[in-house]
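Me: I would like to understand the words that are used to describe a protein model, and to see how each word is tied to a value. Please show me the structure, and then let me ask about it.

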Amino acid sequence: CKKDGEQTLWLHQVLYRIIRSDQKACIQPGKEIEVISAALCPVRSLTVEDSSTSKIFVEHLNSFLSYVISFQLSSTDFYTRLIEVTPLADFFECFISCASMCLKYGKMSTVKQCIDIALAVIEGSVSVDKKTSSLLLFFCGSALIDLSEYVRAIKYLEMSLAMRRQIYGNRHKAVAECLRHLGRVNFSFSRNEDATKFFHEALSIFREVRGERSVEVAECLVGLGNVEGNLCYYAQATQKFQDALSISREHFGTKHLIVARCLHNLGVVSIDCGRYDDAGRFLEEALEIQLEICGEKQEQVAISLNNLGRLHLKCSRFEKARHFIERALNIRRDIGNQLRVGRSLYHLGSLIEKEGKLPMATDYYSRALETIRRFEFLPENHLYVREAVEALRRVKQATEAQSTTASNMPLSRKRKFDDLS
């Protein structure tokens, strides 16, 4: 197969036959390794951003990867048999391509298994070259960001970066990818200055080696826009997101996850600037794309739902706000993202506070802060911690003021006030 589309179609057919049929009947005994090798090879030509990738294809790919994992990739026997068919470096390149596709589309249970396998290899379960080790470390670091395990993510990304600088030099795409993800994880820590430095260095390399209108440049612009939005530089952030959106649409058209991310971020900036009609339009379009490509149970869908809830809360549309925030909370509980569960609890607390139910709001804010503080690596000045602490202080003051007002009220007026309440 010469073309990417043909290879995708061929691989789709292979995966369909393996997964949807009785595996024992369609794979000859002792030929499992050959089948795995044959099915993985075309994945090397695919990229995570491949526009021909469909939702059902990713489902098949995820099931196939689970099938591969079932062969106990930590065992020496598996690799002994595998080496007879394909070089280990080629196998792991294919394996990480599959795992990265699953990561992009939110198949987190499979991704966690892939991280465990990658770390076992790094720690010596099988001997691989430095290039393969750097690839495995990079995958672990980038995947752990999406699992909110930021300390481990930094550790593995820094190890991968050091190896890649030795292998490729300082001005290489692989080095820039490490720098971009270090920007992501530092942004998640609210280390805005460090994040900016990493994103700018990655952007400089990508412009040099991939071109001004490359997808990688768009990804860096999104990262820089996120930092500028965090610092309330809304005009600069909006421009970055618009530029990234323009590049992404050139490559992928209107229906792609990168396009959705740009639209979503434009929606968030629009909320912060008070442009609520624009915010609703951007967020709804982003959510429609995400649901079509990924389905409901994905963190990126939960983020869009949560921000739609924030938008309706700003407009005092409380029932709509509750609908979206609770949907986001349920998704996060289902996929096990506890840090983001804390964030959804905080936004429900904001909704309940606006409704004037101060004791209930205090309960939600307290639960949010307790959940967020379980992640001990988050500093006290992190946005999530800071906003929850400030909310508890604000509600406490409002409750005390309400109590003082009630105690100073004449009895006849107090009875009337209680009746109204």
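Reply: What follows is a set of questions about terms, each answered by setting a value against a definition.

Reply: This is a predicted model, in which local features need pLDDT of at least 70 and side-chain atom pairs count only at pLDDT 80 or more, while totals for chains, interfaces and linings use all residues. Residues are numbered from 1 along each chain as its sequence is written, and side-chain values use heavy atoms, with hydrogens and water left out.

Me: What makes a stretch count as a helix or a strand, and how many of each does the chain have?

Reply: Both are DSSP runs numbered from the N terminus, a helix being a run of H or I with at least four residues and a strand a run of E with at least two. By that rule the chain has 21 helices and 0 strands.

Me: Why are H17 and H18 called roughly antiparallel?

Reply: Axes are lines fitted to C-alpha atoms, for helices over the stretch in contact, and angles run from 0 to 180 degrees between N-to-C directions. Angles under 35 degrees count as roughly parallel, over 145 as roughly antiparallel, 65 to 115 as roughly perpendicular and the rest as oblique. Helix H17 (residues 318-335) and helix H18 (residues 338-354) pack at about 160°, with axes 9 Å apart, and H17 and H18 are therefore roughly antiparallel to each other.

Me: Which kinds of residue make up the contact of H17 with H18?

Reply: Contact means heavy atoms within 4.5 Å, and among the residues of H17 that meet H18 are Phe318, Ile325 and Arg332, while those on the H18 side include Val341, His347 and Leu351. The residues of this contact divide into 10 nonpolar, 2 polar and 7 charged, where Ala, Val, Leu, Ile, Met, Phe, Trp, Tyr, Cys and Pro count as nonpolar, Asp, Glu, Lys and Arg as charged, and the others, Gly among them, as polar.

Me: How does the contact of H7 with H8 divide under that scheme?

Reply: Helix H7 (residues 108-125) and helix H8 (residues 130-146) pack at an angle of about 145°, with their axes 9 Å apart. Residues of H7 including Val111, Cys114 and Leu119 meet residues of H8 that include Leu137, Phe139 and Asp146, and the residues of this contact divide into 14 nonpolar, no polar and 1 charged.

Me: Why is isoleucine 145 called buried?

Reply: Buried means under 20% relative accessible area, exposed means over 50%, and partly exposed lies in between (1.4 Å probe, protein chains only). Isoleucine 145, found in helix H8, has 5% relative accessibility and therefore counts as buried. Leaving aside neighbours within four places in sequence, isoleucine 145 is in contact with Tyr150, Ala153, Leu157, His181, Arg184 and Val185. In the chain, buried residues make up 51% of the 421 residues.

Me: What makes cysteine 232 partly exposed, and where is cysteine 232 placed?

Reply: Cysteine 232 counts as partly exposed because its relative accessibility is 48%, a value that falls between the two cut-offs. Cysteine 232 is in the loop between helix H12 (215-230) and helix H13 (234-252), and its phi is near 70°, a positive value in a residue other than glycine.

Me: How many disulfides does the rule count?

Reply: A disulfide is counted for a pair of cysteine sulfur atoms within 2.5 Å, and by this rule the count comes to 0 disulfides.
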